[in-house]
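User: Please take a close look at one part of this model, starting from a loop and its backbone, and then follow the chain into the side-chain contacts around it.

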Amino acid sequence: MTTPFRCLIVVAVLPYVIAGIGGYLRTKQFGSADNNHPRLQAAKLEGIAARAWAAQANAWEALAIFATAVFMTHLVHADEKATATACEIYLATRIAHPALYLANLATARTLVFIVGLACLARLFLLASAA
């Protein structure tokens, strides 16, 4: 298995990890999770629990575009070393992003997001150059 696909697996698991953290924080805030109306309950979250909900949503959104970039670079046989490097950096940003979100470090979180976005742009450029 290639480095980009290993990175993709980790990026795909991250939303579930964040959901587990968010579920714990939701239960801590409300006493239980409302499984019948989870989105209504999520709208009432505050503080770290609300940030966990937002971090999970962002992780799902990021997964779709990263998966697309990984498959595109794979299908066109883009430069393997450059692709692997961009994927590894992207993975690091995706691990840091929810941690910074939970820690309420908005500026650092935004900077990490921008680095991740640059990695995605790099992957699409590598695919287009192949």
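Analyst: H77 lies in the loop between α3 and α4, where helices are DSSP runs of H or I with at least four residues, numbered from the N terminus. This is a predicted model, in which local features need pLDDT of at least 70 and side-chain atom pairs pLDDT 80 or more, while totals for chains, interfaces and linings use all residues. Residues are numbered from 1 along each chain as its sequence is written, and side-chain values use heavy atoms, without hydrogens and water.

Most residues other than glycine have a negative phi. H77 has a positive one, near 60 degrees. Its relative accessibility is 69%, so H77 counts as exposed (over 50%; buried is under 20% and partly exposed in between, with a 1.4 Å probe and protein chains only).

F66 and Y90 are both buried.

Helix α4 also holds R94. R94 is buried but has no salt bridge, and E61, the nearest side chain of opposite charge, is 7.4 Å away (a salt bridge needs a side-chain nitrogen of Lys or Arg within 4 Å of a carboxyl oxygen of Asp or Glu; Lys and Arg count as positive, Asp and Glu as negative, with His and the chain ends not counted).

Technical notes
Helix = DSSP H or I, 4+ residues; strand = E, 2+ residues; numbered from the N terminus.
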